[in-house]
Amino acid sequence: MAVETTQDGPATPRGRDFDAEPVVIEARGVTKSFRLPVNKISSLKEQITTFSRPDYRELHALRDVSFEIRRGEFFGIVGRNGSGKSTLLKVLASIYAADSGRVRMAGRLAPFIELGVGFNPELTARENVELNGVMMGLERRQARSRLGAVLEFAELEEFVDMKLKNYSSGMLVRLAFSVMIQSDAEILLIDEVLAVGDAAFQQKCADVFHEMRDSERTVILVTHDMGAVEHYCHRAMLLHDGEVRGMGDPGEVARKYLRLNFESAPSSGEDSLGEVADIVVEDAWLEDADGQRATNVEKGEELRFCAELEAKRDVEGPTFGFTFANPDGVEVMGFGVPLGDLPERVAAGQRIQIRSKVENRLAPGRYVVRCWIHRNRNISDIVLYSPHILDFVVFGKDEAGVAFFETEVEFELKGGEGR
Amino acid sequence: MSVEAKAPAPPLELREVRGPSATGGGSRRFFELLWLISATEFKKSFHCTAFGYIWSLVRPLMLFGVLLVVFTRIFRFNVPNYPVLLLFNLVVFGLFQEGTGSAVGSVLAQEGIVRKTQFPRLVIPLSSVMVALFTMGLNLIAVFGFILAYGVDPRWTWLLLPVILLLVFVITCAASLLLSALNVRFRDIAIIWTVAATVLMYGTPIIYPITILESSFLKDVLLGNPLTLIFEQARAWIIDPTAPGAVTVAGGWLNMLPAAVIYVLTCVLGVWVFKREAPKIAERL
């Protein structure tokens with residue numbers, strides 16, 4: 001049964017139960033392969049002068065992929081480059097036809113394979129929003145009535161009659177994102193578009209994703225960003241070589257994904273994919289100077305980060321690392337538990353508490369804490385990588401840079417009279 | 001959200017996702033997209049030009065001027081109402097020439113839309129034809145001004161003009177579908193077509209009426225061109241009531257058969273090839 005969690009809590013089963021919701025997307029045995037000619041023929045002359053049949057290399061992009069998504073789910077699809085996730089997205093979006101298998105769907109689907117595709121740079125924002133709306137299946141009247149909301153979210157009201165070719169890239173991205181979230185399709189298909197705009201706009205987008213997670217809308221998100229998967233998704237699916245290699249809890253899927261990425265590294269043999277990590281993060285929090293739990297911290301104050309972990313199995317030579325990543329995904333700082341303090345092994349059932357204290361030099365913004373646990377003192381032997389065990393906000397006056405340092409500045413004018 | 005188990009919601013009706021197609025996404029969306037894209041493209045073609053619409057007239061007028069001088073001063077055609085016949089033909093043939101000419105590379109040019117959005121593929125070449133249709137429509141208004149000024153009296157057969165335009169429009173669409181779909185496979189179709197379109201222009205009685213030809217093999221070949229009969233009929237209906245008309249030119253209904261067959265074949269082939277290629281276009285680009 002579902003468990004209530006706070007919105008910003010660590011990755012655990014989300015507080016919604018989807019078993020009662022109707023299925024909105026059903027894929028059964030979807031298979032797709034591409035025939036890649038070794039020498040591509042794209043002119044008549046080549047076709048005529050090539051006597052032998054051209055050689056093809058068969059590329060299996062999807063093999064027998066089946067899944068079901070229920071209404072209201074925020075569903076993540078993860079996988080390495082070339083794992084077939086974009087192909088799957090294009091099959092769902094009716095851009096490619098599957099070779100076999102079938103996909104069935106209830107409701108209108110709006111695909112966003114790339115932000116701003118279909119925008120015409122020669123047209124104004126007004127015209128583009130209408131065009132885009134119609135492309136997404138709205139009636140023209142509906143598409144026009146969306147304009148206000150789209151521009152408001154994008155904060156581009158003043159530029160409504162400016163041609164898109166005169167927009168800055170940031171403005172374009174904002175408009176595109178805004179068009180996407182304002183499309184009132186029941187199902188949204190989103191491919192890697194999270195990292196858009198400046199920090200303020202990103203925060204706005206993050207809020208929108210949070211909202212979507214709790215709404216009736218079904219969202220399918222394809223991404224590399226395990227943080228996003230754990231943060232937003234109710235459920236996730238891992239694709240590898242066109243096959244489904246994992247499905248379920250986003251945290252688990254994210255871990256499998258990272259395992260796959262480190263597959264070449266020597267791994268401890270008995271550890272198969274799909275099991276609970278040997279050490280799990282039970283809790284992570286910030287404390288203020290009085291030892292009370294806090295959700296945000298002021299710039300320049302002391303930053304106290306604490307975590308409590310539990311070993312599910314014996315782990316030899318564990319190491320622990322934490323990093324703080326800003327909204328751009330930059331890991332601004334990090335620390336590890338000093339090797340001297342670490343035990344040779346932790347036994348199943350043992351709990352580990354980690355407390356840290358550091359002067360907060362982080363620039364204001366939202367931060368995410370990531371956690372790495374390895375074994376055998378070997379950083380390629382991952383026990384746990386959790387890209388999102390906590391997020392918090394640093395507030396205070398914004399200055400340039402991702403971190404600030406007390407700086408002594410001297411200023412002096414020298415030489416002649418000037419003009 | 002409540003933790004207690006809710007009564008399961010009734011299952012929703014699932015519809016099959018069949019992948020991309022020529023018209024995918026419903027007819028209302030198809031026509032709205034077609035209209036919106038054609039209209040904006042048309043507007044765009046006049047934007048930032050000082051004289052706007054005038055330019056779309058200048059091209060046929062220039063060609064008209066040159067041809068008029070060549071064929072009335074140098075070769076001395078003796079054809080009734082030749083100047084307005086020439087002008088009318090050039091403008092109507094412009095629909096076919098410009099429509100196919102811009103449609104042939106259109107699918108390739110709209111790569112981004114085709115590969116990354118759910119888009120009815122048919123809209124792309126058809127909107128090119130629509131833009132040519134709008135241009136021709138505007139030009140025809142001016143042409144009829146010239147026709148009246150030249151002293152041709154309006155007759156009831158002028159009301160049959162839509163028949164002529166529809167016939168030209170349909171074959172333009174069909175040829176555009178065929179060419180744009182094939183051009184995705186073989187990129188040199190676009191180049192071949194620029195040459196072929198010119199050949200076709202001289203292979204259709206545009207700058208000359210077919211009546212000046214003696215019976216010959218050449219004439220028989222020209223009569224196999226469906227556009228020949230369409231333009232000859234237009235001449236009889238619009239410009240010169242004494243002109244023979246398509247049936248007489250062909251020498252009877254039966255002799256119109258080859259042209260009719262070619263016309264229908266082009267249409268069937270265009271639609272069939274495009275429909276067949278449409279689902280694969282995104283992968284071939």
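Predicted model: local features only at pLDDT ≥ 70, side-chain atom pairs only at ≥ 80, totals over all residues.

Mentor: Let's begin with helix 1 of chain B, residues 27–45, and helix 6 of chain B, residues 123–150, whose axes lie 8 Å apart at an angle of about 50°. Angles from 65 to 115 degrees would count as roughly perpendicular and those under 35 as roughly parallel, so helix 1 of chain B and helix 6 of chain B are oblique to each other. Their crossing is right-handed. On the helix 1 side of chain B, the contact is made by B:Phe30, B:Leu33, B:Leu34, B:Ile37, B:Ser38, B:Glu41, B:Phe42 and B:Ser45. Helix 6 of chain B answers with B:Val123, B:Leu126, B:Ser127, B:Met130, B:Val131 and B:Phe134. Sorted by class, this contact has 10 nonpolar, 3 polar and 1 charged residues.

Now for the second pair. Helix 7 of chain B (residues 161–185) and helix 10 of chain B (residues 226–239) cross at roughly 165°, and their axes come within 10 Å. An angle over 145 degrees counts as roughly antiparallel, which means that helix 7 of chain B runs roughly antiparallel to helix 10 of chain B. The crossing of helix 7 and helix 10 of chain B is left-handed. Here B:Leu161, B:Ile164, B:Leu167, B:Val168 and B:Ile171 of helix 7 of chain B meet B:Pro226, B:Ile230, B:Gln233, B:Ala234 and B:Ile238 of helix 10 of chain B. In this contact, 9 residues are nonpolar, 1 is polar and none is charged.

Conventions. Residues numbered from 1 in each chain as written. Chains lettered and ligands numbered in written order. Axes fitted to C-alpha atoms, helices over the stretch in contact; angles between N-to-C directions. Helix = DSSP H or I, 4+ residues; strand = E, 2+ residues; numbered from the N terminus. Left-handed = near helix turned anticlockwise from the far one by under 90°. Contact = placed C-beta atoms within 7 Å. Nonpolar A, V, L, I, M, F, W, Y, C, P; charged D, E, K, R; others polar.
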